[in-house]
Amino acid sequence: LGLTVLGFGVALVVVDITIFNVAMPAIIADLDLDLSAAAWVNAAYAVVFATFLITLGRVGDLLGRRRLFLAGLIIFLAASLSAAGSDSLRGLVASRALQGLGAAMILPATLAIVNTTFRGRERAIAFGIWGSVIGGMAAVGPVLGGWLTTSFSWRWVFFVNVPIAVAAFIAAAAFVDESRGETTVGGFD
């Protein structure tokens, strides 16, 4: 059950990248963005995600990986709601940056929890499943994004995150054990 929950968290992060790219033309048209502005919307997520990924992984080692995962889900959920309601470039860029922060909390926490939860052959299988979720969701995102954007609106590429994040939060609180790094020597570097 814990691995399934972590899979939902990984799915959020991966789907959000691919689903957003498909919705970008509709966002550009609806918010009347030029290509430079669109680049900012797209880059905000990636830059914040990449900047904080390693640092937040260490924070999870020190303060608790499940705690980091849950906090990341809350931030990602709030940012998704904010992005869905954005009517301006600034609002959408800020929301995407906040999503990137939540993703940078979620992804390393899931990997570290898998590593500490499973041993031996089970660990190899768990890592295989974790990686398969990434590959599978990378394929699902564009299809889902296209369907949501054409059937409803681009805002639904963000609303779709809400039920997944809520379910993952509730299930993680119930089925994922807390873990920390085996050593805290060095503290925050």
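Arg96 is located in helix 4, where helices are DSSP runs of H or I with at least four residues, numbered from the N terminus. With a relative accessibility of 1%, Arg96 counts as buried; the term buried denotes under 20% relative accessible area, exposed over 50%, and partly exposed the range in between, with a 1.4 Å probe and protein chains only. The side chains of Arg96 and Asp16 make a polar contact of 2.5 Å. Such a contact is a pair of N or O atoms within 3.5 Å; within protein, one atom must be able to donate a hydrogen and the other to accept it, and residues adjacent in sequence count only if both atoms are side-chain atoms. Neighbours within four places in sequence left aside, Arg96 is in contact (heavy atoms within 4.5 Å) with Asp16, Phe20, Val41, Ala44, Tyr45 and Phe158.

The model is predicted: local features need pLDDT of at least 70, side-chain atom pairs count only at pLDDT 80 or more, and totals for chains, interfaces and linings use all residues. Residues are numbered from 1 along each chain as its sequence is written, and side-chain values use heavy atoms, with hydrogens and water left out.

The helix packing can be considered next. Two packed helices are described by the angle between their axes and the distance between the axes. Helix 1 (residues 2–31) packs with helix 2 at an angle of about 170°, the axes being 10 Å apart. Helix 1 is therefore roughly antiparallel to helix 2. Axes here are lines fitted to C-alpha atoms, for helices over the stretch in contact, and angles run from 0 to 180 degrees between N-to-C directions; angles under 35 degrees count as roughly parallel, over 145 as roughly antiparallel, 65 to 115 as roughly perpendicular and the rest as oblique. The contact involves Val13, Asp16, Ile17, Phe20, Asn21, Met24 and Ile28 of helix 1, together with Ala38, Val41, Asn42, Tyr45 and Phe49 of helix 2. By class, the residues of this contact are nine nonpolar, two polar and one charged. Here Ala, Val, Leu, Ile, Met, Phe, Trp, Tyr, Cys and Pro count as nonpolar, Asp, Glu, Lys and Arg as charged, and the others, Gly among them, as polar.

Asp32 lies in the loop between helix 1 and helix 2. Most residues other than glycine have a negative phi. Asp32, although not a glycine, has a positive phi of about 55°. Its relative accessible area of 68% makes Asp32 exposed.

Helix 2 (residues 35–63) also meets helix 4 (residues 89–117): their axes come within 7 Å and cross at roughly 25°. These two helices are therefore roughly parallel to each other. The contact of helix 2 with helix 4 comprises 20 nonpolar residues, three polar and one charged.

Ser179 counts as buried at 12% relative accessibility, whereas Arg180, at 39%, counts as partly exposed. The side chain of Ser179 forms a polar contact of 3.4 Å with that of Thr116. Beyond its neighbours within four places in sequence, Ser179 is in contact with Gly60, Gly64, Arg65, Ile113 and Thr116. For Arg180, a polar atom of the side chain lies 3.1 Å from the backbone oxygen of Leu63. Residues up to four places away in sequence not counted, Arg180 touches Gly60, Asp61, Leu62, Leu63, Gly64, Arg65 and Arg67. The C-alpha atoms of Arg180 and Ala112 are separated by 8.9 Å, and the two residues are 68 residues apart along the chain.
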